[in-house]
Amino acid sequence: MIDVYYEEYRAHTSEASAQLEDAEGTAHRADRRAAAVAAERSIDAATEAVEMLEMESEALPKAQRATVTTRARVYRSQLSELGKRLKSVIRSDVRTTDIADADPIRKELFAGREDDDETNENSRMLANSDRLAAGNHKLRSAHAATVDIEERGALIMGDLSRQRETLMRTRATLDVARAGLESSRRVLQQMGRRATTNKVAMRSIAASILLLSLFLFWPAASKVTQ
């Protein structure tokens, strides 16, 4: 957005300079006044671009804001020089008007044109006021939108931070549960191995007892049979 204001300023000041050159170089009063009015409009537009630039710079980081502020001061100085040239043209036009007023016949001839010029001047002032009002409205709307976006961004960042903390706690809980399950699995495996060992031992003991019983009672049973 900063670059846009730079471009607008350069375009308007270039137009103002060219229009002032036309006003300074013409001998016709009407052409000089028309060029001066056009130059004043261009200077007003350039001034508005600088004001927008200064307002936009307030939201920039400190280092970048310093650069933009320095350039805005240079622009202000250039606009001051253009304003001096414009005043010089206007004073020259006033002198021409005074000469015309000294001659009653020429004064009468100039009367209708001066009325038209005054009407045009009032129209120009009204147009400038409307343009400034529209610019201020846009600035307020842009500022309100920026504040709203910043607030929403802060809320979103807060929600994301809380969600991250929740996920971290859930992950820690899952890690503890996983460790508990792994420990339980190892205990169950050990119990299973012990149960199998005990079962084999019991069967071995039972088989030993059975063999021992047969070994002890088999001779006695043989004698009884004989």
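Residues are numbered from 1 along each chain as its sequence is written. In this predicted model, local features need pLDDT of at least 70 and side-chain atom pairs count only at pLDDT 80 or more, while totals for chains, interfaces and linings use all residues; side-chain values use heavy atoms, with hydrogens and water left out.

Student: Why are α1 and α2 called roughly antiparallel?

Tutor: The axes of helix α1 (residues 2-25) and helix α2 (residues 29-57) cross at roughly 160° and come within 8 Å. Axes are lines fitted to C-alpha atoms, for helices over the stretch in contact, and angles run from 0 to 180 degrees between N-to-C directions. Under 35 degrees counts as roughly parallel, over 145 as roughly antiparallel, 65 to 115 as roughly perpendicular, and the rest as oblique. α1 and α2 are therefore roughly antiparallel to each other.

Student: Which hand does the crossing of α1 and α2 have?

Tutor: α1 passes α2 in a left-handed crossing. That term applies if the near helix is turned anticlockwise from the far one by less than a right angle; clockwise gives right-handed.

Student: How do you know that glutamate 54 and arginine 76 form a salt bridge?

Tutor: Their closest N and O atoms are 3.0 Å apart. A salt bridge requires a side-chain nitrogen of Lys or Arg within 4 Å of a carboxyl oxygen of Asp or Glu, so the pair qualifies.

Student: Are glutamate 54 and arginine 76 buried, exposed or partly exposed, and what are the values?

Tutor: Glutamate 54 has a relative accessible area of 30%, and arginine 76 has 32%. Buried means under 20%, exposed over 50%, and partly exposed in between (1.4 Å probe, protein chains only). Both residues are therefore partly exposed.

Student: How many salt bridges does the structure hold, and which residues of helix α4 pair about one turn apart?

Tutor: The structure holds eight salt bridges. Among them, aspartate 159 and arginine 162 meet at 2.2 Å, N to O, and both lie in helix α4, three residues apart, about one turn of the helix. Glutamate 182 and arginine 186 pair at 3.8 Å; being four residues apart in helix α4, they are separated by about one helical turn. Salt bridges that share partners join Glu182, Arg185 and Arg186 into one network.

Student: Why is leucine 216 called exposed?

Tutor: Its relative accessible area is 53%, so leucine 216 counts as exposed. Leucine 216 lies in helix α4 (residues 104-225).

Student: What makes Leu212, Phe215, Leu216 and Phe217 a nonpolar patch?

Tutor: Patches are made of residues with over 30% relative accessible area and no salt bridge; nonpolar side chains (Val, Leu, Ile, Met, Phe, Trp, Tyr) are joined within 5 Å, and like charges within 9 Å. These four form such a patch on the surface, with about 490 Å² of accessible area together. Accessible areas come from the Shrake-Rupley method with a 1.4 Å probe; for residues, only the protein chains shown count as cover.

Terms used
Helix = DSSP H or I, 4+ residues; strand = E, 2+ residues; numbered from the N terminus.
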